[in-house]
Amino acid sequence: MNVIALGAQVLDILVRPVAAIPEGQQTTLVEDIRITAAGTAAGTALTLAKLGASVRTAGAIGTDTSGDILLALLAKAGIDTELVVRKENQPTSSSVLPIRPDGARPSLHLLGANPFYTLDDVDWAALAAADHLHLGGPELIGAADAARILRYAKENGVTTSVDLIAPGALGSLDAIADVLPYTDYFLPNDEQVLGFTGSTDLRAGCEVLKGAGASILAITRGADGTLLVGPDGYHDIPAYAVDVVDTTGCGDAFSAGFIRATALGRSLPDAAILGNAVAALVAQGLGSDYGDFDLAAADTFAAGGPTRDPAPSQPGR
């Protein structure tokens, strides 16, 4: 499976545990500080590579030291970074994440170069030669440009998936509507569905997205698992009960597992199961790159079955 993960490239600096920020110039000792590659493109690429896909990532970073580090981390993970462009006058996108003792992750985020990736930066020949395009963060590069990229992929027989990076509270349907007709698998979280559609009910939000052109949706809901919306209605895929250290990158890990499973010809529910399993594996450590697992190990973990009760079932529609 040859995948291009295009979109948000982020360098994460994670600190754990942080119950509160020290006052003034005081110091608090912590257990761990890590620097990892992340973002809805780079983070998804990390787990796709672990699951045996051949992965190239594309997007925009700066010419700064943060960009050098990000490229080195991706290359170390076996990801081809030749499609990443460097912008002279923009910093590399970065986040500082003070991880709470319960695994929650407030963020201090620098947008950086991500919104400055343009159609002129796309390697169209590489895109046409891929098996799958995962576009992470279409709202950053603009719906029109993102739709053009996805449409070209579809015209060349490339399957597509899309995830969002903006919080739901900052979203609108206009920011993503153009991309949905060219998206095989739409993979946001529940807060993004509500925020981007203006809905207060998750199923109603899914119906808005379907009306705008989305076909298959897999909505991650944290500990409540995944809501899969396919041709035969709504299905709840339960989460795996694990001791959560950090939820950073769990959505990206889900996307990777789901994409890899569909490429292997697995059913949509089985794809969501693998997505939930790899998300649970990543959640047990710090950062998007946590976990020394491959596809076989992820399948073994998934076969153990969720030990968490599923959310109430959603009726088919």
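Me: What makes a residue of this chain count as buried, and what share of the 317 residues does so?

Reply: Of the 317 residues, 52% count as buried; the term means under 20% relative accessible area, with exposed over 50% and partly exposed in between (1.4 Å probe, protein chains only). The model is predicted, so local features need pLDDT of at least 70 and side-chain atom pairs count only at pLDDT 80 or more, while totals for chains, interfaces and linings use all residues. Residues are numbered from 1 along each chain as its sequence is written, and side-chain values use heavy atoms, with hydrogens and water left out.

Me: Why is A38 called buried?

Reply: A38 has a relative accessible area of 3%, and the limit is under 20%; A38 is therefore buried. A38 lies in strand β3 (residues 32–38), a strand being a DSSP run of E of at least two residues, and a helix a run of H or I of at least four, both numbered from the N terminus.

Me: What is A38 in contact with, leaving aside its neighbours within four places in sequence?

Reply: Contact means heavy atoms within 4.5 Å. On that basis, A38 is in contact with A8, Q9, V10, D12, G43 and S288. The C-alpha atoms of A38 and Q9 are separated by 6.4 Å, although these residues are 29 apart along the chain.

Me: How do you know that the buried residues of α7 are on the same side of the helix?

Reply: In α7 (residues 202–211), the buried residues are L202, G205, C206 and L209. They cover an arc of only 100 degrees around the axis, which puts them on the same side of α7; the arc is that of the directions from the helix axis to the C-beta atoms. An α-helix has 3.6 residues a turn, so residues three or four places apart point the same way.

Me: What do the buried residues of α7 pack against?

Reply: They pack against β10 (185–186), α6 (190–197), β11 (216–220), β12 (226–230) and β13 (233–237).

Me: How do you know that the radius of gyration agrees with a compact globule?

Reply: The rule is 2.2 Å times the number of residues to the power 0.38, with the radius taken over C-alpha atoms. For 317 residues, a compact globule would have a radius near 20 Å; the chain has 18 Å, which agrees.
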